[in-house]
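This report takes a folded chain and describes parts of it in turn, from the whole down to single residues. Please keep the sequence and the structure in view while reading.

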Amino acid sequence: MARQIKSSDFEKNNFKIPYFSIFGVFFIVILFSVLWRPLNLDRTVYVPLTPQAETTVNDRNHSSVVDGDEKVEIVNGKPPVVTESSDVPEDEIATDELDNIIDGKDNSVQYTIVRGDTLHDILLRYNVNRNDIYQLTTKFKQLANLRIGQQVSWTTDDNHNLKTFSWTISSNNIRIYEKSNGNFIESSEIAEVVPQNVVIKGDIKSSFVADARKSGLTSNEIAIITRALQWRLDFRRLQIGDKFSVVLTREMHGKSLSNSQLLGVRFKNGTKDYYAILGDDGKYYDINGNSLSQGFFRYPLEKKARVSSGFNPRRLHPVTGQIAPHNGVDFAVSRGTPVLSVGNGEVVIAKYSGSAGNYIAIRHGRQYMTTYMHLDKILVKPGQQVKQGDKIGLSGNTGRSTGPHLHFELHINNKPVNPLTASLPISEELTGKSKKVFLSKVKSISSQLEF
Ligand SMILES: [Zn+2]
């Protein structure tokens with residue numbers, strides 16, 4: 001067992017005996033090799049979207065350890081002073097049954113590739129074990145060739161370990177990656193796949209999830225429907241007597257369902273109708289060809305700001321060796337700087353909350369959540385609807401914070417991701433020829449969606 005070396009030993013320069021100097025250097029070398037490996041694993045480079053959005057990001061390969069809101073430099077090999085993480089609000093954000101389905105918590109997920117996706121990011125968003133992601137994507141380089149509109153699906157165990165992954169290249173060409181003895185093995189199914197067009201209709205009698213299941217929709221199909229309409233329809237506002245109807249293509253492998261593609265869905269919520277119709281680009285639009293997606297700002301400030309502490313899910317406590325993640329990005333801004341909502345959404349929490357200080361959480365659609373901490377002032381109330389760019393607060397230094405800054409987090413499917421690099425939804429309209437093609441498709445699909 002190694003002798004416990006305290007930072008005070010170093011500061012007081014207690015190592016005057018050569019034996020201990022050598023021992024000290026040896027200890028630091030080990031400490032560095034333990035620390036650096038995980039830090040480098042998820043090293044990313046941030047490319048600003050626009051010149052205005054330019055920020056600086058910590059290079060995780062340099063000799064500093066970032067802890068909460070303090071950046072502690074390791075100078076001359078001395079161990080850093082360690083403080084606790086200080087961005088943990090006391091208030092938890094409530095989730096429901098539908099969240100569990102779209103978060104992939106029922107261990108099986110089906111996903112349609114959209115522009116900007118990489119397999120690594122998709123699997124990470126759904127909490128899949130990082131080592132499995134790494135193994136799969138490095139062993140099978142062909143998985144970098146995913147195309148827009150293709151479907152992938154996977155199953156995990158309760159500990160997020162990947163069991164099987166399948167990639168539908170075309171309706172009769174499916175690659176399957178199965179884990180056996182810790183390694184993924186690729187096989188390919190060129191078997192008969194029989195596509196079936198299915199129309200499913202139902203009424204809301206208890207909750208959308210329960211009634212959708214009763215009508216024969218699978219968890220994956222419910223998740224696809226929810227994701228498609230998340231920016232238009234608040235699923236919690238569905239009421240008894242509301243209706244839904246769905247057109248799907250299900251690909252059957254013998255008797256088992258391998259993939260579903262949602263062609264169109266319609267909800268009748270009170271007197272209002274909500275549609276999502278699949279376009280040729282793999283995205284969903286309303287019946288007029290308007291995008292159902294919604295844009296996000298990359299960061300919640302009017303002007304560029306220095307990033308004083310980057311996102312680091314694998315941040316290690318230098319002494320205990322425990323993972324103490326920094327789930328967001330710290331922007332060095334002076335007290336009173338306006339903080340903006342990065343997208344349209346609903347305020348779910350706006351209050352003082354433990355070490356997070358004055359704290360705001362905003363839910364955007366079904367998959368996205370943003371949080372803002374250590375604010376000087378909160379300018380919104382829980383339940384309030386906000387628009388992208390609305391001033392929601394003023395930055396500050398409340399809670400456990402050692403200086404004025406804004407701590408900002410982005411969660412996708414209830415998992416924190418790096419807000420500076422995550423792929424964000426973009427709102428795009430159909431124009432010209434692609435709009436014409438889409439509108440002619442709408443006619444045939446919407447006729448099947450009548451109640
Ligand atoms: Zn922070």
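## Terms and basis

Helices (H or I, at least four residues) and strands (E, at least two) are DSSP runs, numbered from the N terminus. Contact means heavy atoms within 4.5 Å, while axes are lines fitted to C-alpha atoms, for helices over the stretch in contact, with angles running from 0 to 180 degrees between N-to-C directions.

This is a predicted model, in which local features need pLDDT of at least 70 and side-chain atom pairs count only at pLDDT 80 or more, whereas totals for chains, interfaces and linings use all residues. Residues are numbered from 1 along each chain as its sequence is written, and side-chain values use heavy atoms, with hydrogens and water left out.

## The chain as a whole

The chain contains eight helices and 22 strands. Of its 451 residues, 49% are buried, where buried means under 20% relative accessible area, exposed means over 50%, and partly exposed lies in between (1.4 Å probe, protein chains only). Among contacts in the chain with a separation of 6 or more, 64% are between residues 24 or more positions apart.

The accessible surface of the chain is about 21,900 Å², and carbon and sulfur atoms account for 52% of that surface; such areas come from the Shrake-Rupley method with a 1.4 Å probe, and for residues only the protein chains shown count as cover.

## A five-stranded sheet

An open sheet is built from five strands in the order S3-S4-S5-S6-S7, with antiparallel pairing; two strands pair if DSSP finds at least two bridges between them. Strands S3 (108-112) and S7 (183-189) stand at the edges, and because each has a single partner strand, one side of each is left without a neighbour in the sheet. From one strand to the next, the twist averages 15°.

Strand S4 (residues 151-156) and strand S5 (residues 162-170) are joined by six bridges, and Trp 154 has Phe 165 in S5 as its bridge partner.

## Two loops with positive phi

Most residues other than glycine have a negative phi. His 160, in the loop between S4 and S5, has a positive phi of about 70° although it is not a glycine, and this residue is partly exposed at 37% relative accessibility. Asn 181, in the loop between S6 and S7, also has a positive phi, near 50°, and is exposed with a relative accessible area of 79%.

## Helix H5 across the sheet

Helix H5 (residues 130-139) lies across S5, strand S6 (173-180) and S7, and runs at about 55° to S7. Its buried residues are Asp 132, Ile 133 and Leu 136.

Ile 222 belongs to helix H7 (residues 219-229) and counts as buried, at 0% relative accessibility. Leaving aside residues up to four places away in sequence, Ile 222 touches Leu 98, Ile 101, Phe 208, Val 209, Ala 212, Arg 213 and Leu 217. Ala 212 is 10 residues from Ile 222 along the chain, and their C-alpha atoms are separated by 7.1 Å.
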